[in-house]
Amino acid sequence: VQLQASGGGLVQTGGSLRLTCAASGMIFSINRMAWYRQAPGKQRELVAAVTSDGGTNYADYVKGRFTISRDVAKNTVYLQMNSLKPEDTAVYFCNAVLRTDWRPSYDVYWGQGTQVTVSS
């Protein structure tokens with residue numbers, strides 16, 4: 001299983017970016033997909049997550065600015081980021097909790113990070 005993330009870049013304060021993460025490989029079902037971020041010198045933290053039934057949750061600091069969505073058929077998760085701030089600067093990682101076969105055992109996978117830099 002591979003998670004391929006894309007969409008990061010450099011943007012000015014107040015700008016927008018859309019991150020995409022596509023999961024591929026031996027996937028039976030996906031329970032949850034999420035975005036995390038890690039700024040220099042800080043721990044990785046949850047930004048937003050979406051479950052198989054469409055439920056979402058967000059970190060308080062992105063509520064109202066970021067939107068997570070998922071294309072089930074494409075095993076893809078998106079993160080629309082609006083009103084970006086310099087403090088949003090970080091490497092963003094996608095994450096998936098999924099099953100690779102019929103057994104009730106979930107594994108966690110991570111994509112490579114994508115850099116988001118917001119200039120002031």
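Predicted model: local features only at pLDDT ≥ 70, side-chain atom pairs only at ≥ 80, totals over all residues.
User: How many helices and how many strands does the chain have?
Analyst: From the N terminus on, the elements run β-β-β-β-β-β-β-β-β-β-β. The secondary structure therefore comes to 0 helices and 11 strands.

User: Which radius of gyration does the chain have, and why does it agree with a compact globule?
Analyst: The C-alpha atoms fill a box of roughly 50 × 25 × 25 Å along the principal axes. For 120 residues, a compact globule would have a radius of gyration near 14 Å, so the chain agrees with that value, at 14 Å.

User: Which strands are the edges of the open sheet of 4 strands?
Analyst: The sheet has the order β1-β3-β8-β7, with antiparallel pairing. Each edge strand pairs on one side only, and these are β1 (2-6) and β7 (66-71).

User: Which residue in β8 is the bridge partner of A22?
Analyst: Strand β3 (residues 17-24) runs antiparallel to strand β8 (residues 76-81), and 6 bridges join them. In β8, the partner of A22 is T76.

User: Is R37 buried or exposed?
Analyst: R37 is found in strand β4 (residues 29-38). Its relative accessibility is 6%, and the cut-off for burial is under 20%, so R37 counts as buried.

User: Which residue's side chain joins that of R37 in a polar contact of 2.9 Å?
Analyst: Beyond four places away in sequence, R37 touches residues including E45, Y61, E87 and D88. The polar contact of 2.9 Å joins the side chain of R37 to that of D88.

Technical notes: Residues numbered from 1 in each chain as written. Heavy atoms only, no water. Helix = DSSP H or I, 4+ residues; strand = E, 2+ residues; numbered from the N terminus. Buried < 20%, exposed > 50% of the residue type's maximum accessible area, 1.4 Å probe, protein only. Polar contact = N/O pair within 3.5 Å; in protein donor to acceptor, adjacent residues only side chain to side chain. Contact = heavy atoms within 4.5 Å. Pairing = 2+ DSSP bridges. Rg over C-alpha atoms; globule rule 2.2 N^0.38 Å.
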